[in-house]
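Look at the sequence and the model before reading on.

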Amino acid sequence: VNQCLDKKDQHMTPKALVITSNMGVEQDELLKPLAFLRSKGIECIHAAPEQKPVQTVKHDKDPAQSYDPDALLGKIDVNDYDILIIPGGTVNAGTLRMNKDAQKLVQQFSDAKKSIAAICHGPWLLINANRIQNKHLTSYPSIQLDLENAGGKWVNADVHRCNTGGWVLITARCPEDIPVFNSVILKELEAHN
């Protein structure tokens, strides 16, 4: 009986997947959601294309610390996770949007009606994954036109939640929006577990 209960308890604990490239990730957009969600008892896995340190930046250009990812993008099973989180950083997002494994994860999460959260330049990946059409979202203002040209509907809000198409997309503009971004992600996870 205890084994059954343990498995049930493990399944009930929400699990978040945070994906980045190995370069140019906005440090706070990676670390603050991870720390916040972990502090709330949510298991968080950080995946990157290569099993080598992920170089972060501050304000998109100042080098910050490096962090080892927990897993490889190409080895992720979508069934193990409840939400996909995509941090920003121009180089990170520009690299990630061209990564076939990252595109596939966005497609698999949305096809499975699982939530996706993206901040700053992170929504760029949704364009290349062909999952932007008719979604209402926000982002760093400099990519508004890119998102609109790809079929998204841009809104100027600190955080926006959209369930068009049967799956939830949570987006935020910049590092200053992280606290409310984190709280909306947590609320989403709690509503589905």
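A crossing of two helices is called right-handed if the near helix is turned clockwise from the far one by less than a right angle, and left-handed if it is turned anticlockwise. The model discussed here is predicted.

**Two helices**

By that definition, the crossing of α2 and α7 is right-handed. Two packed helices are described by the angle between their axes and the distance between the axes. Here the axes come within 10 Å and cross at roughly 45°. Angles from 65 to 115 degrees count as roughly perpendicular and those under 35 degrees as roughly parallel; α2 and α7 are therefore oblique to each other.

| Helix | Residues of the helix | Residues in the contact |
|---|---|---|
| α2 | 27-39 | Asp28, Glu29, Lys32, Pro33, Phe36, Leu37 |
| α7 | 178-191 | Ile178, Asn182, Ser183, Ile185, Leu186, Leu189 |

By class, this contact of α2 with α7 has seven nonpolar, two polar and three charged residues.

**The sheet**

Three strands form an open sheet in the order β2-β4-β5, and their pairing is mixed. At the edges stand β2 (23-26) and β5 (62-67); each has a single partner strand, so one side of each is left without a neighbour in the sheet. From one strand to the next, the twist averages 45°.

Strand β4 (residues 54-58) pairs with β2 in the parallel sense, over three bridges. Val25 has Thr56 in β4 as its bridge partner. Helix α2 also packs on this sheet, where α2 touches β2, β4 and β5. The direction of α2 makes about 55° with that of β2.

Methods: Residues are numbered from 1 along each chain as its sequence is written. This is a predicted model: local features need pLDDT of at least 70, side-chain atom pairs count only at pLDDT 80 or more; totals for chains, interfaces and linings use all residues. Side-chain values use heavy atoms; hydrogens and water are left out. Axes are lines fitted to C-alpha atoms, for helices over the stretch in contact, and angles run from 0 to 180 degrees between N-to-C directions. Helices (H or I, at least four residues) and strands (E, at least two) are DSSP runs, numbered from the N terminus. Angles under 35 degrees count as roughly parallel, over 145 as roughly antiparallel, 65 to 115 as roughly perpendicular and the rest as oblique. Contact means heavy atoms within 4.5 Å. Ala, Val, Leu, Ile, Met, Phe, Trp, Tyr, Cys and Pro count as nonpolar, Asp, Glu, Lys and Arg as charged, and the others, Gly among them, as polar. Two strands pair if DSSP finds at least two bridges between them.
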